[in-house]
Amino acid sequence: MKITIGTRRSKLAMWQAHFVKDQLEQEGIEIDLIPIETKGDKILDVSIAKIGSKGVFTEELEQMLADGTIDLAVHSAKDLQSILPEGFEIIAFSAREKEHDVLLSFNKSFRLDNPDASFVIGTSSTRRIATLAHYFPKISTVEMRGNLQTRIAKLESGHCDALLLAYAGVARMGYKDMVNQDLPLNVFTPAVGQGSLAIEVARDLSTEKKKRIREILNNPLAETKLLAERAYLRKLKGGCSIPAFANAQISNDQIILTAGIFSLDGRQLICKTHSGSLTEPERIGNSAGEDVLSSGGDKILEQINKELHR
């Protein structure tokens, strides 16, 4: 069997694609790898929120899936929109790296230890900006797009004092020695899917290939967590540009999902916890979404959409 993998061209995306390639090759599958640049990789002077959250990092790869140029696309699960376009599906989620956020700096004194912390953090995430505004109102933020290496170069040249990033990418790129602080999940609750890879295919890919890819690449534990988180985001009709968050943990054969949303300025926060059986991840995610929306999340989303589309 031969499988062609599509991926973004950044160093982190290539690391992820090679991670998948190695797993498939170990099972005797021949692999071709096709790297490309997506819209989100090319437009670096505008925030993701302003570009629009749907398909920023996936649209070109989905076109290649549709026309059969590639068999599967490797994504960071957090970059995937909550509702895939017609004709595509996710058939596997990788084992999850630690999903928390971290603070990076060349100066170890820059930390978020108390609400009076005051320095400049580089981030392009609406979720992280809102979280900082809510819990650390004296922190300033500057827009920070580009791959990890580009951001670290900007940090070194003085654009900011520290970077706020996902641990997963930092660890995979070998920058763990720059971590000043591992940030707590109960404050910096991560984006949906953070730390996991998602394998997307066209629905009309052969049943044989789908079955083999899933057998080799899917991690059932990660899949259970991700199904709950993604069901929550789907209920909000959200993508990676809104300040929503969700994190599923498993304890005593129960899924415990913490999920919520900030207003863009961080002043409003709605956070809910829902739990239930491991066999019902999507019901739990959907229930959490309904709870957040009915508790005022609907009005926050309405305001977010107005502000982002001015």
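Predicted model: local features only at pLDDT ≥ 70, side-chain atom pairs only at ≥ 80, totals over all residues.
An open sheet of 5 strands is present, with the strand order S7-S6-S8-S5-S9 and mixed pairing. Its edges are formed by strand S7 (140-142) and strand S9 (179-182), each of which pairs on one side only. From one strand to the next, the twist averages 30 degrees. Strand S6 (residues 120-122) pairs with S7 in the parallel sense over 3 bridges, and Val120 stands opposite Ser140 in S7. Two helices lie across strands of this group. Helix H5 (residues 126-135) lies across strand S5 (101-104), S6, S7 and strand S8 (162-166), and runs at about 120 degrees to S8. Helix H6 (residues 148-156) lies across S5 and S8, at about 160 degrees to S8.

Strand S12 (residues 254-262) and strand S13 (residues 269-277) run antiparallel and are joined by 9 bridges. The two strands form a hairpin with 6 residues between them. In the turn, Gly266 has a positive phi of about 80 degrees.

Just after H9, Lys237 takes a positive phi of about 55 degrees.

The structure holds 4 aromatic pairs. One of them, Phe136 with Phe188, is stacked, at 6.2 Å centre to centre and with 15 degrees between the planes. Phe136 lies in the loop between H5 and S7, and Phe188 in the loop between S9 and strand S10 (197-202), so this pair ties together parts that are 52 residues apart in sequence. Both Phe136 and Phe188 are buried. Phe245 and Phe262 form another pair, which is tilted, with 5.6 Å centre to centre and 50 degrees between the planes. Because Phe245 lies in strand S11 and Phe262 in strand S12, the pair ties together parts that are 17 residues apart in sequence. Phe245 counts as buried at 3% relative accessibility, and Phe262 is buried with a relative accessible area of 2%.

In soluble globular proteins, nonpolar side chains tend to be buried together. The largest nonpolar core in the model has 23 residues, of which Tyr232, Leu236, Leu257, Ile261 and Ile304 touch the most other members. At least two residues of this core are supplied by each of H9, S11, S12 and H10. H10 gives the most, with 8 residues. Leaving aside neighbours within four places in sequence, Ile304 is in contact with Ile242, Pro243, Ile261, Phe262 and Leu264. Another core, of 18 residues, lies apart from the largest one and has Ile5, Val20, Ala92 and Ile216 among its members.

Note on methods
Residues numbered from 1 in each chain as written. Heavy atoms only, no water. Pairing = 2+ DSSP bridges. Helix = DSSP H or I, 4+ residues; strand = E, 2+ residues; numbered from the N terminus. Axes fitted to C-alpha atoms, helices over the stretch in contact; angles between N-to-C directions. Contact = heavy atoms within 4.5 Å. Phe/Tyr/Trp six-rings, centres within 6.5 Å; stacked < 30°, edge-to-face > 60°. Buried < 20%, exposed > 50% of the residue type's maximum accessible area, 1.4 Å probe, protein only. Core = buried A, V, L, I, M, F, W, Y, C linked by side-chain atoms within 4.5 Å.
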